[in-house]
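Hi,

Here is the structure I said I would pass on. Have a look at it first, then read my notes below.

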Amino acid sequence: MRYLLYLILSLTLLNSCKKEEPIIVEANNSIADDLKLIIAQEKIDALGQCCVKCICTQSMGYGKDYSFPGDNFVRIGNMTYNLNKLEYYTIWTFGTAPDTEKRLILWFPQ
């Protein structure tokens, strides 16, 4: 009888314990979110893309048509780039006052 009482008490204690739920962290678009924040804080006018170890020319007006379609991708004009491959970024200012354009240049491997 004593064993039965211990068994019932043990089962009651086990059922009363809460089970921990797993913590789910979503970070699908974290690089894009960081870039959006930089664009807002730095008042960026356009985006540009260049490859590391390349000589890139940037012209005013190019890169104003951009979006972040999701899954860490950025679209600049009609080209889409994977932000998971982004090496670094720089901010350049083009033109002379009063016609200047602040641009975020995204550097990708060659």
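**A cluster of rings**

Start with Tyr 88, Trp 92, Phe 94 and Trp 107: ring pairs join them into a cluster. Keep in mind that this is a predicted model. The structure has five aromatic pairs, and I'll walk you through two of them.

A pair of aromatic rings is described by how far apart the centres are and by the angle of the planes. Tyr 88 and Trp 107 are stacked, at 5.5 Å centre to centre with 15° between the planes. Tyr 88 sits in strand S5 and Trp 107 in strand S6, 19 residues apart. How about Trp 92 and Trp 107? Their planes are at 70°, with the centres 5.9 Å apart, so this pair is edge-to-face. Trp 92 is in strand S5 and Trp 107 in strand S6, so the pair ties together parts 15 residues apart in sequence.

Which of these are buried or exposed? Trp 107 is buried because its relative accessible area, 10%, is under 20%. Tyr 88 is partly exposed at 38%, and Trp 92 also counts as partly exposed, at 29%.

Now for the strands themselves. S5 and S6 (residues 99–108) pair in the antiparallel sense over nine bridges, and Gly 95 stands opposite Thr 100 in S6. They belong to an open sheet of three strands in the order S1-S6-S5, with mixed pairing. S1 (46–51) and S5 (88–96) are at the edges with a single partner strand each, so one side of each has no neighbour in the sheet. Finally, helix H2 (residues 30–42) lies across S1, S5 and S6, running at about 160° to S6.

Cheers

Technical notes
Residues are numbered from 1 along each chain as its sequence is written. This is a predicted model: local features need pLDDT of at least 70, side-chain atom pairs count only at pLDDT 80 or more; totals for chains, interfaces and linings use all residues. Side-chain values use heavy atoms; hydrogens and water are left out. Two strands pair if DSSP finds at least two bridges between them. Helices (H or I, at least four residues) and strands (E, at least two) are DSSP runs, numbered from the N terminus. Contact means heavy atoms within 4.5 Å. Axes are lines fitted to C-alpha atoms, for helices over the stretch in contact, and angles run from 0 to 180 degrees between N-to-C directions. Rings of Phe, Tyr and Trp (its six-membered ring) pair if their centres lie within 6.5 Å; planes under 30 degrees apart count as stacked, over 60 as edge-to-face and the rest as tilted. Buried means under 20% relative accessible area, exposed over 50%, partly exposed in between (1.4 Å probe, protein chains only).
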